Amino acid sequence: MSTFRIDGCTALITGASAGLGAEFARQLASRAGGLVLVARREERLAQLRDELTKRDPNLNVLIRATDLSRSEDVAALCDWLEHEQIAIDLLINNAGLGDYGDVSTSDSSRIAEMINVNVTALTLLTRRIVPRIIEQGRGAIVNVSSSAGFLPIAGMAIYAATKAYVTSFSEALRMELRGSGVGVTAVCPGPVHTEFNTVAKRRGAKARTAPEFTHVSAAAVVRATLRAVERDQPLVIPGLVMKIGMALIRATPMPLLRFAARFDRAR
Ligand SMILES: NC(=O)c1ccc[n+]([C@@H]2O[C@H](COP(=O)([O-])OP(=O)(O)OC[C@H]3O[C@@H](n4cnc5c(N)ncnc54)[C@H](OP(=O)(O)O)[C@@H]3O)[C@@H](O)[C@H]2O)c1
């Protein structure tokens with residue numbers, strides 16, 4: 001069992017300019033020794049760095065503007081980490097985006113962006129960083145997946161499939177890293193109020209909202225995730241309602257899910 005303690009760690013957080021990523025940074029700030037914040041919007045990262053270092057001048061916060069949909073940018077980020085000898089021991093693959101609507105009407109550049117960020121960047125970053133964490137003999141990887149990854153979702157087919165990949169990849173990586181001192185935790189939140197819906201909504205389409213009782217706050221998602229990392233748990237579904245809901249979904253045979261989906265589509 002991995003016995004990773006967050007205190008004093010150096011964490012790299014992708015998608016730190018908003019939502020869950022910014023919340024990871026805020027909660028880790030009081031415990032980590034250093035943070036590397038990654039996203040495209042550099043001014044947001046700089047604002048967050050200033051907020052965190054004002055609170056704790058001893059915290060080392062580095063920011064790196066990176067477009068994770070471009071594999072050359074992912075490689076440049078990893079080269080920079082190596083060149084600057086920044087030893088990451090907590091990698092939080094959080095950046096991600098969705099797209100609400102059917103495959104037949106989707107935009108091909110949005111499809112590529114979603115797969116590149118949610119799947120390719122997460123995999124390539126892990127591939128580059130994990131050998132160095134293994135060398136250090138202790139560390140953890142957090143992959144922010146989604147409850148959407150537990151079932152095929154019409155109207156969100158590609159996003160749900162990317163998150164099925166993230167959950168499966170995390171479980172297999174965890175098996176490979178057993179005994180190395182490096183833990184892997186996949187977090188599968190249900191709906192959380194962040195910028196996710198605004199990004200996922202297509203122009204002119206109606207906003208999609210899940211019932212409020214299914215929502216969990218970003219703060220609660222991050223708290224549950226960091227607790228799970230220190231307990232070396234493979235999978236965390238934050239919030240009691242989502243935990244129960246997903247336990248039922250995961251126990252439901254596929255033919256029954258297909259049948260139920262007919263009524264959902266007819267609504
Ligand atoms: N909110 C939910 O309901 C929910 C539920 C389950 C799972 N999740 C997952 O949680 C994770 C965080 O999402 P969120 O809810 O916090 O959404 P958010 O508020 O929209 O934040 C998404 C983050 O990802 C970054 N990002 C997007 N595209 C990027 C790119 N090409 N290169 C670099 N960074 C990029 C964004 O930064 P820039 O735009 O500055 O690049 C932003 O910091 C995602 O993986 C999402 O799938 C969210």
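**A walk from the ligand outwards**

An oxygen atom of the ligand sits 3.4 Å from a polar backbone atom of Phe196, a polar contact in the sense of a pair of N or O atoms within 3.5 Å (within protein, one must be able to donate a hydrogen and the other to accept it, and residues adjacent in sequence count only if both atoms are side-chain atoms). Taken alone, the ligand exposes 880 Å², and the protein buries 95% of that; these accessible areas come from the Shrake-Rupley method with a 1.4 Å probe, and for residues only the protein chains shown count as cover.

Before going on, a word on the model: it is predicted, local features need pLDDT of at least 70, side-chain atom pairs count only at pLDDT 80 or more, and totals for chains, interfaces and linings use all residues. Residues are numbered from 1 along each chain as its sequence is written, and side-chain values use heavy atoms, with hydrogens and water left out.

Back at the ligand, an oxygen atom lies 2.6 Å from an N or O atom in the side chain of Tyr159, while a nitrogen atom is 2.8 Å from a polar backbone atom of Leu68. There are 29 residues around the ligand, and Ser17, Arg40, Asn94, Tyr159 and Thr194 come nearest; a residue counts as near if one of its heavy atoms lies within 4 Å.

Tyr159 and Phe196 turn up again among the aromatic rings: ring pairs link them with Tyr100 into a cluster. Rings of Phe, Tyr and Trp (its six-membered ring) pair if their centres lie within 6.5 Å, with planes under 30 degrees apart counted as stacked, over 60 as edge-to-face and the rest as tilted. A search of the whole structure finds four such pairs. Phe259 and Phe263 are edge-to-face, because their ring centres are 5.3 Å apart and their planes stand at 75°. Both lie in helix H9 (residues 254-266), four residues apart, about one turn of the helix; helices here are DSSP runs (H or I, at least four residues), as are strands (E, at least two), numbered from the N terminus.

Finally, look at two loops. Most residues other than glycine have a negative phi. Gln85, between helix H3 (71-83) and strand S4 (90-93), has a positive phi near 50°. Asp232, between helix H7 (218-230) and strand S7 (235-236), also has a positive value, near 55°. Gln85 is exposed at 67% relative accessible area, whereas Asp232 is buried at 11%; buried means under 20%, exposed over 50%, and partly exposed in between (1.4 Å probe, protein chains only).
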